[in-house]
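Good morning, and thank you for coming.

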Amino acid sequence: MQRIVCDERADWRKTAEDAGFEFHTIDGERYWDERAYYGFTLQEIERDLEAVTAELDRMCGELVARAVADERILRALRIPERFWNWIAASFRRGDASLYGRFDLRYDGTGPAKLLEYNADTPTAVFETAVFQWMWLEQAIERQIVPRSADQYNSLHEKLIEGWKEIGAGRKLHLAGMTDNAEDRGTIAYLQDCAHQAGLETAVLAMTDIGRTANGTFVDLQDKPIDLAFKLYPWEWMMQEAFGSALPGASTQWIEPPWKAILSNKGILPLLWAMFPRHPNLLPAYFDDDAEAARLGTSYVRKPLYSREGANVELVVGGQAIDSDVGPYGAEGFIRQGIAPLPQFGGNYVVLGSWIAAGDPCGLSVREDSSPITKNTSRFLPHAIIA
């Protein structure tokens, strides 16, 4: 694994905009950054990332199976009790999942370590599946990367495969915060994948989802919503006014209700308890667990529901040396052992390893000048070069 400085395409901004990548720049700063790329060997990809992602997915499946049979786990995750049976039924039915992203600490020299699992509403999907692949093709043409370069990236094909299996010819509604450029772009891309899978689709703002007197969710034409993708976290869904109607409605949601378990940082101490000293896990404990003292005075403190680094604190010697603001924390925290992120060229790097349609299938690379990866952390392409 290495960071390789390279020429950027002079026309990359126009290329991004023509492709619908409207959030390539955030608050005047680069989000997409191709002034360097990360090079990997095929062995690093297959042994250290792809195989590890499959293993983590298997472990998470075991955790969900245990959680739906043990109310103590659901209570520790702060999942409201009125949703427990619904979540358990979703898992036991085998409700389908489309995709997820494991965020890993990896530097090419040791086992990848799970930092967290974006199991419910992962973004960075368009730039991973499409735009970095476009970069690779053009970088080969323009001799920016070796002609033999490849990329660990079948995410696009797997998303289409997933929609074919899930959709089965039904109409798909996609909902989210459509006034947000990143969310809008993510929804538009997943809609395109569904179109390629042969599904009829419609996009809705979350606020445009209606509900009939008998609890059926409907669109703006008062048509029942049979299948819905929501780029909106389960913990928010459960707190909405319509939350109480979720268990009784006929809508199939993507991601499914059982993903509410895995989209919670509480899985980190639960996995550590189930698989102690596993080489791909970091020690982790609930904040109020006496065992958390094992971590001493240096650890990462994360809210159960945090996203994009919000309200995360990096504590060293009992002092918070870095943190990010946000709306989370009332639900409780976990503590995770510190695994300093690798630095390449002065940048802290996190890898996102994707799974879709049940298979590991892609890689995203984010870097930041801060050790806490945030919404604005830069996205750099990668290539397999050896």
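**Charged pairs, a sheet and some exceptions**

In this model, which is predicted, the side chains of Asp18 and Lys14 form a salt bridge, with 2.7 Å from N to O. Both residues belong to helix H1 (residues 12-18), and because they are four residues apart, about one helical turn separates them. Asp18 is exposed, at 57% relative accessible area, and Lys14 is exposed as well, at 53%.

The next pair is Glu22 with Arg184, whose side chains meet in a salt bridge of 3.0 Å, N to O. Glu22 sits in the loop between H1 and strand S2 (25-26), while Arg184 is in helix H7 (residues 181-196), so this pair ties together parts that lie 162 residues apart in sequence. Glu22 is partly exposed, with a relative accessible area of 44%, and Arg184 is also partly exposed, with 31%.

A further salt bridge joins the side chains of Lys171 and Glu200, at 3.8 Å from N to O. Here too distant parts of the chain are linked: Lys171 is in strand S7 and Glu200 in strand S8, 29 residues apart. Lys171 is partly exposed at 31% relative accessible area, whereas Glu200 counts as exposed at 51%. Over the whole structure, the search finds 28 salt bridges.

In what order do the strands of the open four-stranded sheet run? The order is S8-S7-S11-S12, and the pairing is parallel. Strands S8 (200-205) and S12 (252-254) stand at the edges; each has a single partner strand, so one side of each is left without a neighbour in the sheet. On average, neighbouring strands of this sheet are turned by 25° against each other, direction ignored. Within it, strand S7 (residues 171-176) pairs with strand S11 (residues 227-231) in the parallel sense over five bridges. Ala175 stands opposite Lys230 in S11.

Some backbone features deserve attention. Most residues other than glycine have a negative phi, and most peptide bonds are trans. Ile254 and Glu255, however, are joined by a cis peptide bond, with omega about 0°. Glu255 is placed in the loop between S12 and helix H9 (259-262). Asp222 is not a glycine, yet its phi is positive, about 60°. Asp222 lies in the loop between strand S10 (217-218) and S11, and it is exposed, at 59% relative accessibility. Arg277 also has a positive phi, near 65°. Its place is the loop between helix H10 (267-274) and strand S13 (284-286), and Arg277 counts as exposed at 69% relative accessibility.

Finally, the cysteines. How many disulfides are there? The count is zero. For Cys60, the nearest cysteine sulfur belongs to Cys361 and is 15 Å away; a disulfide would require the two sulfur atoms to be within 2.5 Å. Cys60 is buried, with a relative accessible area of 1%. Cys361 is likewise in no disulfide, and the nearest cysteine sulfur to it, that of Cys193, is 11 Å away. At 0% relative accessibility, Cys361 is buried.

Definitions and conventions: Residues numbered from 1 in each chain as written. Predicted model: local features only at pLDDT ≥ 70, side-chain atom pairs only at ≥ 80, totals over all residues. Heavy atoms only, no water. Pairing = 2+ DSSP bridges. Helix = DSSP H or I, 4+ residues; strand = E, 2+ residues; numbered from the N terminus. Axes fitted to C-alpha atoms, helices over the stretch in contact; angles between N-to-C directions. Buried < 20%, exposed > 50% of the residue type's maximum accessible area, 1.4 Å probe, protein only. Salt bridge = Lys/Arg side-chain N within 4 Å of Asp/Glu carboxyl O.
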